Amino acid sequence: MSFLDDDYLLTTDVAKELFHGTAESLPIVDYHCHLSPKEIYEDRNFTDIVAAWLTDGNNYGDHYKWRLIRANGTPEELITGKGDPWEKFQAYAATMEKAIGSPVYLWTHMELRRYFGITETLTTRTAQSIYERTNEMLATKDFTRRALLRRMGLDTICTTDDPVDSLEYHRKFAQEGGDTFAMIPAMRPDKALNPDKAGFSEWVDQLEQVTGDTIGSFDDMMAAINKRVDFFHSMGSRLSDHAADLMVYEEATKAELDAILDKARAGEPLTADDLAKYRTALFLELMKIYDAHDWTMQLHIHALRNINSVGFAEHGADTGFDALNDRSIAEPLARLFDAAARQGAIPRTIIYSLNSNDYMPIATVMGSFQGGGKKQRMALGNAWWFNDTRTGIRRQLEVMAEESLLGNFVGMTTDSRSFLSFPRHEFFRRILCELVGEWAARGEVPDDVDYLKPLIADVSYNNAKALFV
């Protein structure tokens with residue numbers, strides 16, 4: 001095979017037929033990303049490839065790429081700083097010359113091909129030509145933000161939105177007739193989940209303002225959040241998402257929860273026990289709300305965030321200073337879902353972990369709470385963040401297949417802040433077809449593409465689309 005040719009990663013005839021005959025042409029449902037609804041609605045052009053691909057100078061960019069550029073010894077001025085765009089692009093090209101084996105290397109070249117039709121390898125020798133050609137294209141009406149999404153065959157995109165958000169740009173997008181794709185909000189109540197963080201009391205004040213309620217107790221807060229779920233539901237939302245990071249379980253009385261909320265609103269320090277009790281109760285109440293609305297709850301677990309305090313102080317969150325956590329997960333997760341089962345409210349749930357060692361504990365806990373008449377009520381989320389590699393994706397697919405029903409898996413998300421990240425869906429689909437093709441070659445599944453194609457279509461598109469039915 002030549003680099004990124006039509007059959008790259010497709011090592012068997014079955015894999016080639018499954019990808020080219022089914023997966024390749026299916027639309028994309030990206031049910032978890034971090035693109036800005038305002039930017040999607042306003043549909044402006046990027047100023048250049050650096051703003052689209054690396055950073056716009058305001059720490060809004062691709063931290064996957066930033067970590068690699070830092071590893072190549074590049075000054076921060078040419079990563080997230082105010083350095084010259086061309087010099088930033090040169091630094092990235094020099095980084096790519098060292099990056100073979102990284103998924104970012106593959107994504108970079110797939111993005112050049114799929115969006116811009118550029119097949120040259122990005123090097124310090126080709127950088128000038130690629131920089132000029134991409135900038136010329138990005139200035140045209142065929143390369144606005146929405147046009148970039150349409151180029152990838154986007155069907156549905158879910159943005160990530162705070163419960164107090166007005167969803168102004170979702171409303172405007174829908175009122176103006178939308179586009180060839182749907183833009184749907186997904187609620188992310190992380191500020192409710194973290195009463196120990198700065199700004200929590202101000203966030204509760206905002207929640208009071210948007211609901212018209214006075215929040216004097218934990219029950220009042222949950223009633224207000226329920227109102228916001230009603231509002232999001234009216235705007236088409238059918239999913240929530242939570243950066244759970246660390247799973248805990250500790251039961252509490254209503255009096256204890258009210259006291260914890262009072263302390264948090266007063267800015268008083270909370271103990272680990274306070275946080276465990278509060279977060280346990282919050283999740284149980286949220287699960288009741290989501291179940292009543294027939295929503296899907298997403299849990300993103302075991303990110304160890306902002307571990308470089310100097311980098312975090314200078315650049316803020318989500319700028320490349322995170323790692324994976326390795327704490328226990330099975331017991332608190334099992335206790336949480338057992339409590340949810342006792343209250344008769346387990347929503348459809350997708351659980352991601354940043355630590356691939358968690359896949360088996362998560363999958364086996366999930367298997368104990370399937371049922372309730374819900375198809376795949378519990379699913380293992382796609383290989384996330386540092387696991388977005390060929391090895392990581394294959395491992396996640398293998399565990400989902402071995403411990404549950406691969407045919408019910410809801411497929412890929414970009415989890416991205418980049419408008420140029422959507423070839424990652426193609427990357428995932430190629431790996432899915434590669435893996436199933438290998439199983440067929442070894443006699444583990446029927447060597448029958450007509451039998452296998454519906455499963456490939458379901459995992460690539462249909463199951464994710466069904467989240468919104």
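## Interface size

About 3000 Å² is buried between domain 1 and domain 2, with carbon and sulfur atoms giving 55% of that area. F46, L420 and R424 stand out on the domain 1 side: they supply 25% of the area that domain 1 buries against domain 2, more than any other three residues. The model behind these values is predicted.

The contact count covers both sides. Domain 1 contributes 32 residues, which are in contact with 31 residues of domain 2.

## Domain layout

The protein chain is divided into two domains. Domain 1 has two segments, 13-46 and 145-468. Domain 2 covers 47-143. Their C-alpha centres lie 28 Å apart.

D62 and R424 form a salt bridge through their side chains, with N to O at 3.6 Å. R424 is also one of the three residues that supply 25% of the area domain 1 buries against domain 2.

## The domain 1 face

Which elements give two or more residues to the side of domain 1 that touches domain 2? They are α8 (145-151) and α19 (423-441). Of the elements, α19 gives the most, with 5 residues.

Methods: Residues are numbered from 1 along each chain as its sequence is written. This is a predicted model: local features need pLDDT of at least 70, side-chain atom pairs count only at pLDDT 80 or more; totals for chains, interfaces and linings use all residues. Side-chain values use heavy atoms; hydrogens and water are left out. Domain bounds come from an automatic or database domain assignment. Contact means heavy atoms within 4.5 Å. Buried area is the accessible area (1.4 Å probe) that two parts lose on being put together, summed over both. A salt bridge is a side-chain nitrogen of Lys or Arg within 4 Å of a carboxyl oxygen of Asp or Glu. Helices (H or I, at least four residues) and strands (E, at least two) are DSSP runs, numbered from the N terminus.
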